[in-house]
Structures are given as structure tokens and as C-alpha cells.
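Hi,

Here is the structure we talked about. Please open it alongside this note, and my findings follow below.

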Amino acid sequence: MSVAFRRESDEEHLEPKFEQPIAPGPNLVTARGLRLLGERVTEIKAAVAAETDEEARKLLLRDLRYWHTRQTTAELAPSPEDDEVGIGSRVRVRMNGVERVIAIVGGDEAEPGEDRLAFSAPLARALMGAAVGETVAFADKADAIEVLAIDKDDG
């Protein structure tokens, strides 16, 4: 058989494993977000130490590199003004006649299903800088969102 048709190992035909992508822009976080990043790094370090399977360990180390980078590049966002929506605000709004409370947080601590939106999310960006009583544009509607109350998000 020709050498051209022989495969020396399965390794040479595996898809390369790339690093997890880092979001562009500043890594602004709340105090809660900074704490969560530290907890995540600690959890993954413990999992790496306990893992015996080499492939699983490689995946954990990849995750650890990502989260450690996020932790070391994290910048604590300045506290928002009391009367203005910013990172770290909990905002009560009325959209389409329905009230909801949204927390504006850093990208890594966002949980959209729990109304914890990253400051880079379109809805959060629309609200940034707004004050109580203002209406802001969103989704091509001039007065889509009414800001009803603003508080600090304690996490």
C-alpha cells in the first residue's frame, strides 16, 4: 500500500481546538461581577486539579485561560449616578404596557432570562443615561420605553 493512503494517527485529522473568543471593548463589571469572576476561576482550578482524564483536563484548562483573562482584564465600572441609568443600575421600566425590572451588568454576569442584561445589549444601551420619567427610543419606536424607577443593583 502506498504511504499516501496510510494514516499514522487519528490526532492529525482532529479539528483544531481554538481559544474561546474574548468580546471586544472594555471588560466593565460590577462588584458582584468581579466576585463571580473570582469564584468561577477558583471553581475551574479545583476541577482541573481533580480531573484525571487528559482530554477533559485540556478543556478545563482552556476554560481556565478564558476566565482568568476575563478576571485580569476586568475593570470595576464606576457607580452610576443616583438619578441616571448606568452599569450597576436596577431599572423599573414600562414597555408595551408591561412593567419589568432590568439590571444593567457586565457582560460575563449577564443572565437575560433573569433580566440581568449586559451593558452592551441593545435594550441596556437604549436605557443608559436615561432618568426617571424619561421615555427612550427602542426598536425604531421613539417612545418605546418609559423609565419608572432607578435603584442600585445590589446583586
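Arg90 has its bridge partner in β4: Ala103. Keep in mind that this is a predicted model.

That bridge sits in a longer pairing. Strand β3 covers residues 89-95, and strand β4 covers residues 98-105. Six bridges join them, and the two run antiparallel. Two residues lie between the strands of this hairpin. One to look at there is Asn96, which takes a positive phi near 50°.

β3 also pairs with strand β7, residues 141-152. Seven bridges join these two strands, again antiparallel. Here the bridge partner of Arg92 is Ala149 in β7.

Now the side chains of β3.

Val93 belongs to strand β3. Its relative accessibility is 0%, so Val93 counts as buried; the cut-off for buried is under 20%. What is it in contact with, leaving aside neighbours within four places in sequence? The list is Val98, Glu99, Arg100, Ile102, Leu127, Ile145, Glu146, Val147 and Leu148. Take Val147 from that list. Val93 and Val147 are 54 residues apart along the chain, yet their C-alpha atoms are separated by 4.6 Å.

**The whole sheet**

Five strands form an open sheet. Their order is β5-β4-β3-β7-β6, with mixed pairing. The edge strands are β5 and β6 (135-138), and each pairs on one side only. On average, neighbouring strands of this sheet are turned by 45° against each other, direction ignored.

**Helix α1**

Helix α1 takes in residues 31-50. Does its length agree with or differ from what 1.5 Å a residue gives? Its 20 residues should span 28 Å, and its end C-alpha atoms are 29 Å apart, which agrees.

The buried residues in α1 are Arg32, Gly33, Leu37, Gly38, Val41, Ile44 and Val48. What covers them includes β1 (27-29), α2 (54-73), β2 (74-76) and β5 (116-118).

**Helix α2**

The same check works for α2. Its 20 residues should span 28 Å at 1.5 Å a residue. The end C-alpha atoms of α2 are 28 Å apart, which agrees.

Buried in α2 are Leu60, Leu64, Tyr66, Trp67 and Arg70. Seen down the axis of α2, these buried residues fall within an arc of 165°, so they line one face of the helix. The cover over the buried residues of α2 includes β1, α1 and β2.

Two of those residues deserve a look on screen. Tyr66 and Trp67 are both buried. The count of aromatic pairs comes to one. Tyr66 and Trp67 form that pair, and it is edge-to-face. Their rings are 4.9 Å apart centre to centre, with 90° between the planes.

Best wishes

Definitions and conventions: Residues numbered from 1 in each chain as written. Predicted model: local features only at pLDDT ≥ 70, side-chain atom pairs only at ≥ 80, totals over all residues. Heavy atoms only, no water. Helix = DSSP H or I, 4+ residues; strand = E, 2+ residues; numbered from the N terminus. Expected span 1.5 Å × (residues − 1). Buried < 20%, exposed > 50% of the residue type's maximum accessible area, 1.4 Å probe, protein only. Contact = heavy atoms within 4.5 Å. Pairing = 2+ DSSP bridges. Axes fitted to C-alpha atoms, helices over the stretch in contact; angles between N-to-C directions. Arc of directions from axis to C-beta. Phe/Tyr/Trp six-rings, centres within 6.5 Å; stacked < 30°, edge-to-face > 60°.
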